[in-house]
Amino acid sequence: MNKNLCFVLSLILCLECVYVESIQHTQIIHFKSDLSTTRNDDHHWDLLLFAQHWPVTLCRSWTTHTCKKFNETWIVHGVWPTKFGSIGPEKCNSSWLFDPDQVKTIEQDLEENWTNLESDTSLYSFWIHEWSKHGTCAASIEPLNSEFKYFSQGLDWHKKIPLTMMLGEAGIVPSDEKQYKIIDIYYAIKNKTKVNPTIQCVHVKGAQLLSELHVCFNKNLELVDCDGVVSPKHVIDGVTVMTNCNPAHDVLYPYSVEPPARVLVQLYKLSSLLQWLTL
Ligand SMILES: *[C@@H]1O[C@H](CO)[C@@H](O)[C@H](O)[C@H]1NC(C)=O
Ligand SMILES: *[C@@H]1O[C@H](CO)[C@@H](O)[C@H](O)[C@H]1NC(C)=O
Ligand SMILES: *[C@@H]1O[C@H](CO)[C@@H](O)[C@H](O)[C@H]1NC(C)=O
Ligand SMILES: *[C@@H]1O[C@H](CO)[C@@H](O)[C@H](O)[C@H]1NC(C)=O
């Protein structure tokens, strides 16, 4: 009797044990499948990051390329499908090759506004790169499911998000001397678009240069906050700003590709003066 009870009890305990384990197991399996969806072979994405760059900064920062002539205006870098908390997906269909004929009718616009700034590479190389890396992933939604639609959308957003004008209207204009606060750049975009952008800087010879501004669109191609994309965040004046720029320093929005000699002349004068004073 006692033995039997003992047996039944241990059986129940054991079954419970197995049951609990199986729950944990399925949770683990579930968790694992969550993880596997973040692998590179998964092409899911949440929003489109629309990246524009400032050609002057790009040309100042290059050491291995020479720059084409360009107009002093923000141009498209890319339209990048992005999964929250990660970079990419990228290169979603290696058999879908860029075909120049598909964008013949918008080639002028692309040349001027989605420019390959590298003077030492072929005209199409930049678009080949953007298409294979990002376009083939964006093509998973109907409004962007062809090369023509993808590049036209980038050009359309370039017209809808005129950064040169948006910054200019906030008094932020290219200059080799005046520097700007990151929060002012943030508000210049935020107040016009009503969404949170991301602000990118590069550091060239000790100066912090404004390089890129990103705004985000959802799969209905509506503007949305870029919150959720991978970016350093800084709280500035109580506002969370997504930026890789160092908010402790102001930002140069450079006017000329070569830092002007005038500054050097002034430095020279200053150093001569100092030398003279210390003699
Ligand atoms: C990849 O691109 C090719 C060429 O456009 C197309 O036929 C094919 O259906 C695409 N594959 C996927 C998985 O989308
Ligand atoms: C380039 O973009 C500007 C500003 O949106 C536009 O006015 C211009 O027509 C575009 N260039 C071409 C060749 O379409
Ligand atoms: C600069 O803009 C003008 C007027 O929109 C255009 O005709 C010219 O082709 C542009 N130059 C470059 C290098 O994009
Ligand atoms: C943007 O809006 C904020 C808050 O409403 C305001 O303080 C700021 O002056 C505005 N800045 C620009 C550049 O429009």
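**Figure 1. The end of helix H7 in a predicted model.** Lys194 follows helix H7 and has a positive phi, near 70 degrees. The model shown here and in the other views is predicted. H7 covers residues 182-193, which makes 12 residues. From its first C-alpha to its last, H7 reaches 17 Å. That is close to the 16 Å expected at 1.5 Å a residue.

**Figure 2. The buried residues of helix H7.** Five names to find here are Ile182, Ile185, Tyr186, Ala188 and Ile189, which are buried in H7. Look down the axis of H7: its buried residues fall within an arc of 160 degrees, so they line one face of the helix. An α-helix has 3.6 residues a turn, so residues three or four places apart point the same way.

Figure 3. Four residues lie around ligand 4: Ala170, Tyr187, Ala188 and Asn191. Sorted by class, this shell holds three nonpolar residues and one polar residue. The shell has no charged residues.

Figure 4. Around ligand 3 are Lys69, Phe70, Asn71 and Glu112.

**Figure 5. The annotated active site.** An unreviewed UniProt entry places the feature "active site" at His77, Glu130 and His134. These residues span 58 residues in sequence, yet no two of their C-alpha atoms are more than 11.3 Å apart, so they gather at one spot.

**Figure 6. His77 in its strand.** His77 sits in strand S2, residues 75-82. Is His77 buried or exposed? His77 counts as buried because 24 C-beta neighbours lie inside 10 Å, and the cut-off for buried is 20 or more. Leave aside its neighbours within four places in sequence. His77 is then in contact with Ala51, Gln52, His53 and Glu212.

**Figure 7. Glu130 in its helix.** Glu130 lies in helix H4, residues 125-138. Glu130 is buried, because 23 other C-beta atoms lie within 10 Å. Not counting residues up to four places away in sequence, Glu130 touches Gly78 and Gly135.

**Figure 8. Helix H5 from end to end.** Helix H5 runs over residues 147-160 and has 14 residues. H5 reaches 20 Å from its first C-alpha to its last. This is close to the 20 Å expected at 1.5 Å a residue.

Figure 9. Which residues of H5 are buried? They are Glu147, Tyr150, Phe151, Gly154 and His158. Seen down the axis of H5, these buried residues fall within an arc of 90 degrees, so they line one face of the helix. The face turned away from the buried side carries the exposed residues Lys159 and Lys160. What covers the buried residues of H5? The cover includes strands S1 (47-53) and S2, along with helices H3 (107-113) and H4.

**Figure 10. The setting of the close-ups in the chain.** The chain has eight helices and nine strands. Of its 279 residues, 28% count as buried. Now take the contacts in the chain with a separation of 6 or more: residues 24 or more positions apart account for 74% of them.

Conventions
Residues are numbered from 1 along each chain as its sequence is written. Chains are lettered from A and ligands numbered from 1 in the order in which they are written. This is a predicted model: local features need pLDDT of at least 70, side-chain atom pairs count only at pLDDT 80 or more; totals for chains, interfaces and linings use all residues. A residue is near a molecule or strand if its C-beta atom, placed from the backbone, lies within 6 Å of it. UniProt positions are given in the numbering used here, feature names are shortened, and annotations may be inferred rather than shown by experiment. Helices (H or I, at least four residues) and strands (E, at least two) are DSSP runs, numbered from the N terminus. A residue is buried if 20 or more other C-beta atoms lie within 10 Å of its own, exposed if 12 or fewer, and partly exposed in between; C-beta atoms are placed from the backbone. Two residues are in contact if their C-beta atoms, placed from the backbone, lie within 7 Å. Ala, Val, Leu, Ile, Met, Phe, Trp, Tyr, Cys and Pro count as nonpolar, Asp, Glu, Lys and Arg as charged, and the others, Gly among them, as polar. The expected span of a helix is 1.5 Å times one less than its number of residues. The arc is that of the directions from the helix axis to the C-beta atoms.
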